[in-house]
Amino acid sequence: MSSVLFDVPGPEGLRRQRRASVITIVVLVLLAALTLYKLQTEGQLDGELWEPFVTPIYIQALLEAALTTLQVAVVAIALSVLFGALFASGRLSDHAWLRWPATVVVEFFRAVPVLMMILAISLIYSEVIGKFWSLVIGLTLYNGSVLAEVFRAGINAVPRGQLEASYALGLRKGQVMQLILLPQAVKIMLPAIISQSVVTLKDTSLGYVIPYEELTNVGRAISIEFTNILPVAIVLAAMFIAVNYSLSRFATWLEQRMGRATGSQAELNVGA
Amino acid sequence: MDVLWESRQMLLAAFGQTISLLIVAGLGALALGTLLGAFRVSAVPALRAVGTAYVTVFRNTPLLVVFLLIYFGLPELGIRPPQFWLASLALFLYTSAFVCEAVRSGVNAVDSGQAEAARSVGMGFGQSLRLIVLPQAFRAVIPPLASVFIALAKNTSLVAGFGIADATYRMRGLINNNPGDVYAIFVGVALGYVLIVAVISLAARGLERQLEVAR
Amino acid sequence: MSLNRTKALAVVAASTLVLAACGDAGGGGSSEGGADVTVEEDAKFPEGSTMAELADAGKVTIGVKFDQPGIGFKSAAADVPTGFDIEMGKIVAGALGIKEDSITWEETISDNREPFLQEGKVDLVIASYSMTPDRQKVVGQAGPYYVTGQQLLVSKGGDIQGPEDVKGKEVCSVSGSTSIETIEKEYGATARGFGTYSECVQQVLNGSFDAMTTDGAILLGYAAENPDELEVVGEAFSEERYGIGYQDPKDTEMCEFLVETIEKSYEDGTWKQGFDATLGQAGVDAPKPPKPDACK
């Protein structure tokens, strides 16, 4: 759609575009240079502040923490998908006694800040289930609820013909949901699911309230020891961007492999 | 339970902070997000690159890390706004990336025939966007935007770790001083957030219904 | 296409390895010295007392801070925390007949101290835990084993020379600490609570804040790291009495045991050894140890 907004540019158009590009690039380069200059004068580019990042024990600590973060994220995502599928079916059920509780649960967990949920669960239950599961369950409850909504939209987006055909074949509601609707809904909603996975991965940072030793927490420990908060923040940002970006690219690749271009519909849940 | 009642003034002020942050960062994000959305669909490759780079950075970085970058990066560059504005800035920059994506999905939802018609009538890029595409995209954009605002409302809770006396900050203080009432305090503050989120959802649904077009 | 990507990955991996050989930051946080704790061989405790349970179990979980250098701090590169509170922990464990390696150190941030004790997640809390009547309604506290006071850390040569000068100004502190209330209620400043002390120190250094406040013990460590830019000013304007937290406020036997252990550590020099190895590294001499409160 965006490509329809402007024609293929002619020579004058090209010249204008090139001028605009050049101006943009010049402005950006100036800003970057200014920033680096100021950082240098404030001593933020000093070697000692950046040394931990090339020291083996600290690199190891960072990588181990990154691994822990990934573990939490993967488990939380898997459970969220299950939770989401379950509660989406619940919300679409014909039975009111199933529909109302499901709706209440989903709306409640979508509304409460994840930070508070993780804190609450860890304070009340961590004796029984430990910190890892407190964090995972807190993340699951929130992201699962968001996914429940995503799946609901996805199920509603499955072409009506599918639904009618399955009923014509004599399938019961439960079977229809399981065999026909959910699999197709998941395929349609895949980009939104991946996008929510990125959110889950980022929310692992909230483990600092428990406290759980994930990536951001280890970054904080380093920043205390070396008073290098800005370098730590930059390195953390770079690490997260690298992982999350790869995840999103994986999603695009997956989408292409599955053959379906489902761009606009799937962008329903872009919330952070 | 009495604890909550006794501290009601403080808690109301705290939720007031939450709502102020929501409004300031939200409005700003709407503006910047729409601008970035325009960048991403523009003809100038450099602008497209800026838009994409911005979104890539802020969508993939945890908000906590964004806060750290703002709070500890800006002063190094000589920029030292009051604390409230630092917090709003972090929330604003972060949320803009998501608004941009929501706007883009809304724009993509508008039938391309509309843009083609606008072009064939002779409108330029800016005009087609402003007069034809964006107004129609507006309705499609409301559900994802509502999502973004709900997320923003909850993200404000992070300012508790950065010196702003919002609801989550006060909650922690109350729990510290009244360790016996942990559960009651939690539920009370959680309900406050649920209320804010419910208002946003209802407003969005109302707006959507108002803009309902017979198709 | 994939060949180029593989090559790129190889280059990145190689350069990381090369760079990794270059850095040697930090010291890993090993404690040189530390209290010379003798582990009780035949610790005898009354039947059914908490101490007997712990001694029989042969292990103990102690809640400490992981983010306060000198008091309770765990480096990213270390497996166990170090600091004055940790030394006290080792002393108490020794009195229970428990060896250093059988101690599990659990991080207790300020908000978690009472909940963790109540839930039984930790047996003891030694985490710059100020003794207050409110806290003693829900958990037990024995001590103090160290007394410090709230002070201010400011940029050297600034206007602020004492707590009276902060009226109407913004002061940085850490969420959940008693320092925040004191500076607001008694000196009319606006306190801003952040996550870690180092965040506050950084903001005093970069000018976002004129001052930060917390227990003098913690501030001294930071001032020692930046003697040209930071200084601790003013007399201590509050009294923070660090105590050892335990689960049941009515457990008098535990209280008496802890008080006895604390007093013994004053006598046999282990308290001073612990201090010198940790907080003392900032260049301060060990103060006179405080007299613990009588148990109720």
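Trainee: How far apart are the end C-alpha atoms of helix α7 of chain B, residues 125–155, and what would a straight helix reach?

Mentor: The ends of this 31-residue helix are only 35 Å apart, short of the 45 Å that a straight helix would reach at 1.5 Å a residue. The expected span is 1.5 Å times one less than the number of residues. Helices here are DSSP runs of H or I with at least four residues, strands are runs of E with at least two, and both are numbered from the N terminus. Before we go on: this is a predicted model, where local features need pLDDT of at least 70 and side-chain atom pairs count only at pLDDT 80 or more, while totals for chains, interfaces and linings use all residues. Residues are numbered from 1 along each chain as its sequence is written, and chains are lettered from A and ligands numbered from 1 in the order in which they are written.

Trainee: Where does the kink in α7(B) lie?

Mentor: Look at V141(B), where α7(B) has a kink of about 50°, shortly before the proline P143(B). The bend at a residue is the angle between axes fitted to the seven residues ending there and the seven starting there.

Trainee: What is the secondary structure of chain B as a whole?

Mentor: Chain B has nine helices and zero strands. Its C-alpha trace spans about 70 × 50 × 25 Å along the principal axes. Of the contacts in chain B with a separation of 6 or more, 76% are between residues 24 or more positions apart. Two residues are in contact if their C-beta atoms, placed from the backbone, lie within 7 Å.

Trainee: At what angle do α4(B) and α5(B) pack?

Mentor: The angle is about 130°, with the axes 9 Å apart. That makes α4(B) oblique to α5(B). From α4(B), the contact uses L63(B), V66(B), F67(B), I70(B) and Y71(B); from α5(B), it uses L86(B), L89(B), A90(B), L93(B) and Y94(B). An α-helix has 3.6 residues a turn, so residues three or four places apart point the same way. Axes are lines fitted to C-alpha atoms, for helices over the stretch in contact, and angles run from 0 to 180 degrees between N-to-C directions. Under 35 degrees counts as roughly parallel, over 145 as roughly antiparallel, 65 to 115 as roughly perpendicular and the rest as oblique.

Trainee: And in chain A, how do α8 (residues 215–226) and α9 (residues 229–258) pack?

Mentor: Those two pack at an angle of about 160°, again with a value for the axes: 9 Å apart. That makes α8(A) roughly antiparallel to α9(A). Their crossing is right-handed. A crossing is right-handed if the near helix is turned clockwise from the far one by less than a right angle, and left-handed if anticlockwise. Residues that meet there include I222(A) of α8(A) and L236(A) of α9(A).

Trainee: How many residues does each of chain B and chain A bring to their contact?

Mentor: Chain B gives 54 residues and chain A gives 46. On the chain B side, the largest share, 11 residues, comes from α7(B).

Trainee: Staying with chain A, which residues is L147(A) in contact with?

Mentor: Leaving aside neighbours within four places in sequence, L147(A) contacts S80(A), V81(A), G84(A), I193(A) and Q196(A). L147(A) lies in helix α5, residues 114–157, of chain A. With 29 C-beta neighbours inside 10 Å, L147(A) counts as buried.

Trainee: Which peptide bond of chain C is cis?

Mentor: Check the bond from G143(C) to P144(C), which is cis with omega near 5°. P144(C) lies in strand β6, residues 140–148. Then find S128(C), which has a positive phi of about 40° although it is not a glycine. S128(C) sits in the loop between β5 (124–125) and α5 (133–138) of chain C, and is buried, with 24 other C-beta atoms within 10 Å. Chain C as a whole has 10 helices and 12 strands, and 51% of its 296 residues count as buried.

Technical notes. Buried ≥ 20, exposed ≤ 12 C-beta atoms within 10 Å, placed from the backbone.
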